[in-house]
Amino acid sequence: MEDQSNEAVDAGIYEALRIVKPSLADEVLTPKTRFNTLSLQSIDMMTVVFEMEERFGVSIVDQQLDTFRTVEEARETVQKLLHAKTSQPSV
Amino acid sequence: MTRRVVVTGIGCVSSLGVGTSALWEGLVRARTAITPTRLVQAGLEVTLPAAPVTGFVPLDHFTADELPMRDAFAQYAVVAAREAMRDAGLGRGETIPGDTAVVLGSGGGGEHTREEAAVRLFGERKLRCSPMLVPKTNNQAAVGFVSMEFQVTGPSFVISTGCAAATHAIAQAFHMIRHGVVRRAITGGSEAPVALSVFQAFDAARVLSHTTCRPFSRERDGMVIGEGGGILVLEELESARKRGAFIYAEVLGAGMSADASSSVYPREQGPAQAIAMALREARLNADQIDYINAHGTGTQVNDRVETMAIKLAFGEHARELTVSSTKSLHGHTFGGAGGIETVATLLALKHGVAPPTVNYLGPDADCDLDYAPNDPKPRRIDVALKQSFAFGGLNAVLVLRRDVVQ
Amino acid sequence: MKRRVAVVGLGVVSALGHGRPAFESGLRLCRAGLSGGVFTVYPRLTNSGETKLGVVPGPRERSGSPGLDSFARFALEAAREAIAEAGVASLPHFQERAAVILGTASGGEDAREEAWERVSARQSKPHPLTVVRVMANAAVGAVCMAFGLRGPAYTISTACASSSHAIGQAYQMVRSGAVDYAVTGGSEGLPGHTQFCAWQQMRVLADGPCRPFAEERSGITLAEGAAVLVLESLLEAQARGTHIYAELTGFSMGSDGGADWLNADPDGMLRCMKDALEDAATGADELSYINAHATGTLRGDAAEAEAIRRLLDGARVMVSSTKALHGHTLGATGALEAAATILGLEGGWVPGMPTAAPDRSLGLDLVWQQPGTAPASLRGPVALSNSFGFGGLNAALVFRRI
């Protein structure tokens, strides 16, 4: 999977959020949206991360979740992982 | 000192529809909900008679946000519990939080969810599995959501004895109130097993009918899988009276036993023992029973052995009983069976009508009792039994009397 | 009627070995059994980090019992040991007057996974014994069959609290006289591949063996095993002169509303512990040891620590989580921990956790032990064992030394 634009990754993150919490379809989500304002319990957040991994084909390690406070931060992590993938020979 | 226990509310979701009225109407109209059901999953397909829940729209009962975490088996339990609590005239804050138990039965938990995950990992060879699998499939889910809904902080647990789970659950809830552990209980069970993998597993064990469910009838050829949930509100008699609650029946006794003989084939001694234990606790003679809602799965062996067990327990009086299997109408709902069928039994007590055993073609050599074949049977029903016999030979029996006698 | 209840038999199968002596020895010497390789159990796994498992030693194939999945085999093995020791099998009314109540969270995971494999590979149908192997009640059925037990028998399935709930129910039945004996506890096999992947995605599994209450704790170590207790009226047990491990004096179970499925609420935990002590007519000041649920997660251990601090209100009571040695066996964990607590009470010692830098913010009297050295002494006669399951279902058991 190639590197993706900010908008594309954000869109994927919003989609992941809306799968786990459908009512977010009625809410405006932005790159600055903080995950902890979305009333997600821990298991929900873990499911969002899972959906993101599936969507983007990346593996997010636990330590990376420490900097996962906003959509923008999540996007940066995903883009880093995508870039790492494309710059490696395919497995 | 033991306390007296009564039923003050009932709720149900089944293939006959959502609600206890839909259940009763379906039973007395004697029209089975069993229908050829085609299931497709990951390119595999199977068509078998089944009794899937009808008229149930998840978004009618839950918000979109609530659904991702609730497998159907948990949804059925919650919806049935809501009806039962409303029926009992109890709102959220009226459960005496620490003094109410939630004891539910479930056989397999979230089968649909499990299947979806399996299709992804085994069929599509995906590498990851949603973390939601564990909370959704776990048997605990139904109890968790019911406890949350009614703010119950008292004893809450799940009994998982397959076909007898809900009957065991009701028996335990009854004993907890009887022995003063709690004053109220939300109890029963639910199951959502109409899934391809479940069909295949049971079919591989050669217990499924490929035609329909004909309990106690000649040419019966197996069970039919159904789904849904049945919930009762049990209450200590004095507190029910004090608040003027309508009383469906008094739970007089519960018996539990094990066959200790086979994981699949029942023996009549085990069930007969459970019946005897229930009658003993109820302080009733066998001849005081009018109606039995049978386990009656429609397999050759269950119905034969169950008939033997009834004769063993009741002697001559077996001929005076009406014994019917409502599984012929709503299917075998495993963890939901004890719940739905106890609700049916309570309605039989209320209306003085024994629900029929439909799809009945005629007697066979092993099954020669009065099964209320094909039509509901109005008759005197003062005291009824609900009995359930699980694989592994685990048995549970409840004794219910309509009138609260001094 | 409220009879006193004794534990007269104990059987264990765990990552520490087969049998109670192996379990006791592992606990006393603080030798953990949590080095199981993930890829041996899950060959299809592609990533696992440093995740470890607590694996019951011995061959993993089901030789000799084709109809039983590992959770049922473990239960049967532990039940055999417990019943043999209790000497109850030959007693006149044992078969009719014994309850069999066991806990399990998942039932037959091996059979479940095999069925998926077969169905997905488009082979013929699943194995005919799939249903009887998967069903949660298989362990209870097998135990009843092996010993001809015909009394009340059922399975409880409430995630991590399953076997504590089972023991508690059995306790109440013996106490009230509904039955005269109980064969109770729980068992669990390792999750199948699918469930294990789900656990990984919950991000609660530890890097390496779990270290409850330690500064560097990173989560749960999944494990398998079983523990079975035989309960009997204390007076009867004393009358027939059989060995008594301990008295079971109190039990409570409750729900904390489960608003956060993964993280239990300290208020619910506190209420459960208090209720159990009240049921045992014991004050917190009489406690000498608490076997915590503590699975090794950051939040879970901290929440339980808070609940314990509030319970003890300044009193000094030794606390440890033996999951550091036998792992988290989900539906069996309550029973394994009851067994650990009982063995410690009987022998006058406290199971410790392998020495690690403790999390000092927890404010507990934690018991650390250098592996291979002798355990700390138990200073008093009463111990509490906690089980706080996912989804907010709680249980606590109180035991007293005889």
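At what angle do helix 4 of chain B and helix 9 of chain C pack? In this predicted model, local features need pLDDT of at least 70 and side-chain atom pairs count only at pLDDT 80 or more, whereas totals for chains, interfaces and linings use all residues. Residues are numbered from 1 along each chain as its sequence is written, and chains are lettered from A in the order in which they are written.

Helix 4 (residues 111–123) of chain B and helix 9 (residues 193–202) of chain C, helices being DSSP runs of H or I with at least four residues, pack at about 100°, their axes lying 10 Å apart. Axes are lines fitted to C-alpha atoms over the stretch in contact, and angles run from 0 to 180 degrees between N-to-C directions. The two helices are therefore roughly perpendicular, a term for angles of 65 to 115 degrees. Ala117(B), Ala118(B) and Leu121(B) meet His193(C), Thr194(C) and Cys197(C) in this contact, where contact requires C-beta atoms, placed from the backbone, within 7 Å.

Across the two chains, 61 residues of chain B are in contact with 62 residues of chain C.

Technical notes. Parallel < 35°, antiparallel > 145°, perpendicular 65-115°, else oblique.
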